[in-house]
Amino acid sequence: MKNILLKLCSAESISGVEHSACFAAENVLKSYAKTQYDINGSLIVEFGNLDSKYSIMLDAHIDQIGLIVTYIDENGFVKVSPCGGIDRRVLQGDRFIILGKKPVKAIFSSTPPHLSNGNEEKAVDCDNMWLDTGLRGEELKKLVSPGDRAVFLNEPSELLNNRITSKAIDNRAGAAAVLYCGDLLKNKDLSCKVIISLSVREEVNMLGARAASYSFYPNEAIAVDVSFAKQNGVPSEKCGIMDEGPMIGISPVLNSEVTDKLILAAQVKKMKYQYEVMGGATGTNADVISATRGGIRTGLVSIPIRSMHTGVEIVSLNDIAAAGELLAEYITERSITLC
Amino acid sequence: MLNTAFLKKLCMTNGISGDEGKVRALIEKRITGFDTEIQTDTMGNLLVHKKGKEKAKRKVLLTAHMDEVGFIVTGINSDGTLRIEPVGGIDRRVAYGKRVTVGSSDICGAVSVKPIHLLKSDEKDSVIPIDKMVVDIGTDTREDTLKYISYGDSVCFAPNYSEEKGIIMAKALDDRAGCFILTELLRQELPYDIYCSFVVQEEIGLRGAKAAAYTIDPDFAIVVESTTAGDIQGSDEANCVCSVGSGAVLSFMDRSAIYDKECLELAINTAQECKIPYQIKKAIAGGNDAGAIHISRGGVKTIAVSLPCRYLHSQTGLISKSDLEDSYNLVRETALKLAVY
């Protein structure tokens with residue numbers, strides 16, 4: 001599972017250009033299921049009892065936040081806009097990779113102190129965001145074009161206590177949990193069909209999950225995403241706790257039967273779990289999946305992470321593994337009940 | 001052409017002010033056995049006498065600093081995170097949300113960021129001061145953290161180095177690029193004796209250079225340093241200080257010193273004679289060890305040969321390899337002229 005997460009996190013897979021992480025996931029999935037891409041590029045596999053009329057979808061978005069190139073100036077500076085909800089406070093001085101014809105390394109330009117006029121507490125504003133490649137006009141224009149994406153360069157790296165810091169943990173952590181669940185189930189004799197959807201463009205408009213849940217119209221779905229872990233300076237009541245197990249979502253948009261069965265599965269498994277209660281929309285693909293066609297019974301499992309939407313997101317491998325085990329237990333139980 | 005393999009090693013090594021030992025060890029090894037007499041002084045400066053083919057008429061000191069900016073662990077919170085203070089001048093915006101390494105065993109960490117989703121709208125635009133930032137190393141309790149970290153441990157931007165199409169992006173180019181120019185020079189056969197110092201604690205008040213200059217007692221000094229290139233998008237020519245790719249930088253004055261006019265002219269003439277691209281620094285900005293050296297003892301005639309570097313004092317600086325070559329050549333030629341001046 002750790003290797004899968006590291007491979008997924010190393011991939012550069014930003015909203016609208018997700019093939020790199022999909023490809024890494026496909027390498028894992030194709031050993032036991034036929035892989036396919038839908039019209040938007042979401043990676044979808046079906047396994048279990050393919051003849052069953054009853055299907056359960058596990059959804060994890062495979063895109064990450066980043067930047068999109070809008071303009072290139074003569075001196076080699078590349079103007080960018082946010083692609084997804086990137087945190088503008090952390091950008092200056094960070095390293096990026098522009099996904100041009102070839103990958104091009106760049107630094108997010110920052111104002112030297114002698115030119116900042118005492119404004120150093122101000123985050124960079126959206127209409128003044130530039131990447132610096134050091135390359136000049138023509139050479140750069142051969143490699144980079146408007147519309148190219150750029151992502152944080154930070155490769156995954158190990159912290160203490162089985163934790164990882166990387167770019168794109170939102171939501172490669174969720175994708176890794178789903179792949180781990182698939183691994184636990186692949187040799188089991190299931191009565192229902194399982195659909196894994198690694199869906200594109202969650203960070204911009206949840207397009208991938210909208211379309212895949214429409215096309216495959218499962219009887220039940222569970223969205224697997226990340227949520228906030230308790231960290232310094234953040235009120236505890238808004239967060240889960242790292243290493244305390246997967247967070248089971250409870251919200252008016254979620255189906256309470258699915259939610260209850262998730263809780264039951266955690267209890268049967270005697271595993272640690274935590275509640276994530278929301279008064280309305282969850283901010284995840286569950287919001288759109290649940291309202292697809294005539295409605296889909298949808299649950300939500302989240303993995304707590306720290307420093308979300310930056311280049312230094314942090315996750316515990318234990319929580320990813322536990323989320324995968326919870327999903328596998330849920331599907332196993334459902335498979336028995338549905339027999 | 002300079003082989004930059006050793007520059008990469010220097011940039012990938014951690015050494016904030018007061019903790020330069022690893023950098024010093026690398027440099028010492030690199031220059032040992034090239035007619036060099038090497039000593040480490042009380043402060044940790046590496047002082048080198050390089051024998052040339054002939055004795056020099058004048059004692060010329062070339063100097064670069066080994067330390068980089070970073071942070072120091074000032075406290076450990078009950079949730080296991082580290083409180084930090086900057087060592088040297090760091091803009092809070094380039095610190096927030098960056099990867100760091102902590103302590104002598106280089107434990108990986110990250111400057112923790114409160115998720116943007118949980119902020120009030122007026123908080124989304126402002127970056128907290130560095131003394132309010134904490135470093136997350138993956139622990140949850142103070143007891144756990146104390147197994148790995150001690151108060152006063154160094155916190156460095158995570159090492160990185162890349163070189164493509166003549167552009168080098170790396171950590172700590174200020175002033176490992178200067179150190180690199182001197183190590184490579186010391187490995188060459190030189191016509192005259194020269195002195196070099198690789199000094200400590202520049203970033204916290206030019207402290208190492210003061211002692212080094214006192215001990216070596218030179219007639220002339222050349223400070224080899226990376227300097228702010230402000231040639232970024234949105235700055236005009238008058239404010240850019242110097243530009244990447246336009247050659248070695250010579251200064252007439254900065255915040256630390258007014259440079260010796262005679263020596264500056266000699267350096268300009270040298271650049272012109274040897275056809276070495278150079279530029280004059282267009283601002284009274286920044287400062288370097290010249291501030292300590294030119295007032296050493298009865299005074300030392302001092303100049304600075306600088307390397308234009310964008311994004312000094314952050315996780316990654318940017319220089320051009322051609323500027324590195326130009327600076328190397330100008331330092332060498334000017335030093336040899338001063339040696340017989």
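1. Let's begin with the two domains of chain B. Their centres, taken over C-alpha atoms, are 31 Å apart. Domain 1 of chain B covers 5-68 + 171-339, and domain 2 of chain B covers 70-157; such bounds come from an automatic or database domain assignment. Where they meet, 11 residues from domain 1 of chain B contact 13 residues from domain 2 of chain B, a contact being two residues whose C-beta atoms, placed from the backbone, lie within 7 Å. On the domain 1 side of chain B, this contact has 2 nonpolar, 5 polar and 4 charged residues. Here Ala, Val, Leu, Ile, Met, Phe, Trp, Tyr, Cys and Pro count as nonpolar, Asp, Glu, Lys and Arg as charged, and the others, Gly among them, as polar.

2. A word on what you are looking at: this is a predicted model, in which local features need pLDDT of at least 70 and side-chain atom pairs count only at pLDDT 80 or more, while totals for chains, interfaces and linings use all residues. Residues are numbered from 1 along each chain as its sequence is written, and chains are lettered from A and ligands numbered from 1 in the order in which they are written.

3. Chain A is also divided in two, with domain 1 at 2-64 + 167-338 and domain 2 at 66-152. The centres of these domains of chain A, over C-alpha atoms, are separated by 32 Å. Contact between them involves 11 residues of domain 1 of chain A and 13 residues of domain 2 of chain A.

4. For the overall form of chain A, picture a box of roughly 70 × 40 × 35 Å along the principal axes, filled by its C-alpha atoms. The radius of gyration of chain A is 20 Å, which agrees with the value near 20 Å for a compact globule of 339 residues; the radius is taken over C-alpha atoms, and the globule rule is 2.2 Å times the number of residues to the power 0.38. Among contacts in chain A between residues at least 6 apart in sequence, 76% join residues at least 24 apart.

5. Chain A has 8 helices and 17 strands; helices (H or I, at least four residues) and strands (E, at least two) are DSSP runs numbered from the N terminus. How many bridges pair E10(A) with E11(A)? There are 2, in the antiparallel sense; strands pair if DSSP finds at least two bridges between them. A:Ser157 has A:Thr165 in E11(A) as its bridge partner. The hairpin of these strands has 4 residues between them, and there A:Asn161 takes a positive phi near 60 degrees.

6. E11(A) also pairs antiparallel with strand E17 (residues 313-316) of chain A, over 4 bridges. A:Arg163 is partnered there by A:Ser316. Both faces of E11(A) are covered, with A:Arg163 and A:Thr165 buried on one side and A:Ile164 and A:Ser166 buried on the other.

7. Now look at the interface: 49 residues of chain A are in contact with 55 residues of chain B. Among the elements of chain A supplying at least two residues each to its side are strand E10 (157-158) and strand E11 (163-166). That side of chain A has 16 nonpolar, 18 polar and 15 charged residues.

8. In chain B, three strands form an open antiparallel sheet in the order E10-E11-E17. Strand E10 (161-164) and strand E17 (317-320) of chain B each have a single partner strand, so one side of each lacks a neighbour in the sheet. E10(B) and strand E11 (residues 167-170) of chain B are joined by 4 bridges, with B:Glu164 opposite B:Ile167.

9. Chain B also has an open sheet of 8 strands with mixed pairing, in the order E1-E2-E12-E3-E13-E16-E14-E15. Its edge strands are strand E1 (36-40) and strand E15 (278-280) of chain B, each pairing on one side only. Strand E14 (residues 248-250) of chain B runs parallel to E15(B), joined by 3 bridges, and B:Val249 is partnered by B:Gln279.

Technical notes: Buried ≥ 20, exposed ≤ 12 C-beta atoms within 10 Å, placed from the backbone.
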